[in-house]
Amino acid sequence: MSKLTDQALGALLKTVQELKDGSMPFADAVEQIKASLGDHTTLNLSMNQIDDAGAVALAEGLKGSQITTLDLSWNNISAEGAEALAAALAGSQITTLNLS
């Protein structure tokens with residue numbers, strides 16, 4: 001499995017934070033997420049205070065990615081974010097998802 005480098009993970013989390021605080025438009029956040037994911041297959045974002053807006057942007061960014069394992073446990077994702085992630089799963093390569 002190919003995990004994100006510390007630099008790519010940092011960029012991804014910065015993007016989610018900027019989306020959360022309103023300093024980055026949604027479309028720009030999605031493009032930044034796609035760029036950060038590259039050809040990696042494993043993404044662990046547990047315990048990063050990701051909320052629904054971050055989950056929705058992440059769901060969009062996951063489309064067309066190579067991610068097969070996604071860990072979003074211990075975040076602040078409610079039904080809205082979970083629904084966006086569920087919709088993104090249909091067209092993704094994700095085989096393992098942790099939302100606990």
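Trainee: Which side chain meets E18 in a salt bridge?
Mentor: This is a predicted model. A salt bridge is called when a side-chain nitrogen of Lys or Arg is within 4 Å of a carboxyl oxygen of Asp or Glu. The partner of E18 is K14, with an N to O distance of 3.5 Å.

Trainee: Where do E18 and K14 lie?
Mentor: Both are in helix α1, which covers residues 6-20. They are four residues apart, about one turn of that helix.

Trainee: Is K14 buried or exposed?
Mentor: Exposed is the term for over 50% relative accessible area. K14 has 52% relative accessibility, so K14 counts as exposed.

Trainee: How many salt bridges does the rule give?
Mentor: The count is two. Besides the E18 and K14 pair, the side chains of E60 and K63 meet at 3.0 Å, N to O. E60 has a relative accessible area of 32% and is partly exposed; K63, at 41%, is also partly exposed.

Trainee: What describes two packed helices?
Mentor: The angle between their axes and the distance between the axes. Here helix α3 (residues 52-62) packs with helix α4 (residues 79-89) at an angle of about 5°, and the axes are 8 Å apart. Angles under 35 degrees count as roughly parallel, and α3 and α4 are therefore roughly parallel to each other.

Trainee: Which residues make the contact of α3 with α4?
Mentor: From α3 they are D52, A55, V56, A59 and L62; from α4 they are E80, G81, A84, L85 and A88. Sorted by class, this contact has seven nonpolar residues, one polar and two charged.

Trainee: Now the loop residue. Where is the place of S46?
Mentor: S46 sits in the loop between β1 (42-44) and α3.

Trainee: Why does S46 count as buried?
Mentor: Buried means under 20% relative accessible area. S46 is buried because its relative accessible area is 17%.

Trainee: What is S46 in contact with, leaving aside its neighbours within four places in sequence?
Mentor: The residues are D71, L72, S73 and N75. The side chain of S46 also has a polar contact of 2.9 Å with the side chain of N44.

Trainee: How far apart are S46 and S100 in sequence and in space?
Mentor: They are 54 residues apart in sequence, and their C-alpha atoms are 9.3 Å apart in space.

Technical notes
Residues are numbered from 1 along each chain as its sequence is written. This is a predicted model: local features need pLDDT of at least 70, side-chain atom pairs count only at pLDDT 80 or more; totals for chains, interfaces and linings use all residues. Side-chain values use heavy atoms; hydrogens and water are left out. Helices (H or I, at least four residues) and strands (E, at least two) are DSSP runs, numbered from the N terminus. Buried means under 20% relative accessible area, exposed over 50%, partly exposed in between (1.4 Å probe, protein chains only). Axes are lines fitted to C-alpha atoms, for helices over the stretch in contact, and angles run from 0 to 180 degrees between N-to-C directions. Angles under 35 degrees count as roughly parallel, over 145 as roughly antiparallel, 65 to 115 as roughly perpendicular and the rest as oblique. Contact means heavy atoms within 4.5 Å. Ala, Val, Leu, Ile, Met, Phe, Trp, Tyr, Cys and Pro count as nonpolar, Asp, Glu, Lys and Arg as charged, and the others, Gly among them, as polar. A polar contact is a pair of N or O atoms within 3.5 Å; within protein, one must be able to donate a hydrogen and the other to accept it, and residues adjacent in sequence count only if both atoms are side-chain atoms.
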